[in-house]
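Please look over the sequence and the model before reading on.

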Amino acid sequence: MLRLDPFSAAAFVFRSKRADRIKILVWGRTGLVLVHKRLEGCKFVWPTIADGVMRISPAMFAALFEGLDWRLVRPEEARRPQVAG
């Protein structure tokens with residue numbers, strides 16, 4: 001149904017209808033790992049889903065898992081050093 005490999009490095013994240021709970025499935029080389037988290041008094045901010053799949057960076061996932069608004073996570077701009085050594 002998902003058309004993705006459950007034994008890959010991908011994490012499969014499922015949200016409840018009320019958006020206050022998530023379940024995460026990850027293959028851990030010796031078996032599947034299931035993580036369940038419920039937020040008290042707030043909801044997970046859910047990213048846009050395209051073609052049934054949501055793709056986010058590890059930093060955005062960390063913010064989502066903590067119950068933070070992942071849209072506020074911005075990568076730091078990489079700057080080229082002016083001087084070497």
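Which residues make up the largest nonpolar core? The answer is V13, I22, I24, L39, F44, M54, A63, L64 and W70, 9 residues in all. A nonpolar core is here a set of buried Ala, Val, Leu, Ile, Met, Phe, Trp, Tyr and Cys residues joined through side-chain atoms within 4.5 Å. At least two residues of this core come from each of β2 (21-27) and α1 (58-65).

The model is predicted: local features need pLDDT of at least 70, side-chain atom pairs count only at pLDDT 80 or more, and totals for chains, interfaces and linings use all residues. Residues are numbered from 1 along each chain as its sequence is written, and side-chain values use heavy atoms, with hydrogens and water left out.

**The sheet**

Three strands form an open sheet in the order β1-β2-β3, with antiparallel pairing. β1 (11-15) and β3 (32-38) each have a single partner strand and stand at the edges, so one side of each lacks a neighbour in the sheet. On average, neighbouring strands are turned by 15° against each other, direction ignored. Strands (E, at least two residues) and helices (H or I, at least four residues) are DSSP runs numbered from the N terminus, and two strands pair if DSSP finds at least two bridges between them.

The two pairings, both antiparallel, are set out below.

| Strand pair | Bridges | Residues between strands | Turn residue with positive phi |
|---|---|---|---|
| β1 and β2 | 5 bridges | 5 residues | A19, about 65° |
| β2 and β3 | 7 bridges | 4 residues | R29, about 70° |

Each of these pairs forms a hairpin. Within the sheet, F12 stands opposite L25 in β2, and A11 has V26 in β2 as its bridge partner. The core residue I24 is bridged to V35 in β3.

**The helix and the core**

α1 lies across β1, β2 and β3 and runs at about 140° to β2. Such angles run from 0 to 180 degrees between N-to-C directions, with axes fitted to C-alpha atoms, for helices over the stretch in contact.

F44, also in the core, touches A19, D20, R21, I22, K37, L39, L64, F65 and G67, residues up to four places away in sequence not being counted. Contact means heavy atoms within 4.5 Å.

**An exposed loop residue**

Is R18 buried or exposed? R18, in the loop between β1 and β2, is exposed, with a relative accessible area of 52%. Buried means under 20% relative accessible area, exposed over 50%, and partly exposed in between (1.4 Å probe, protein chains only). The C-alpha atoms of R18 and C42 are separated by 9.9 Å, the two residues being 24 residues apart along the chain.
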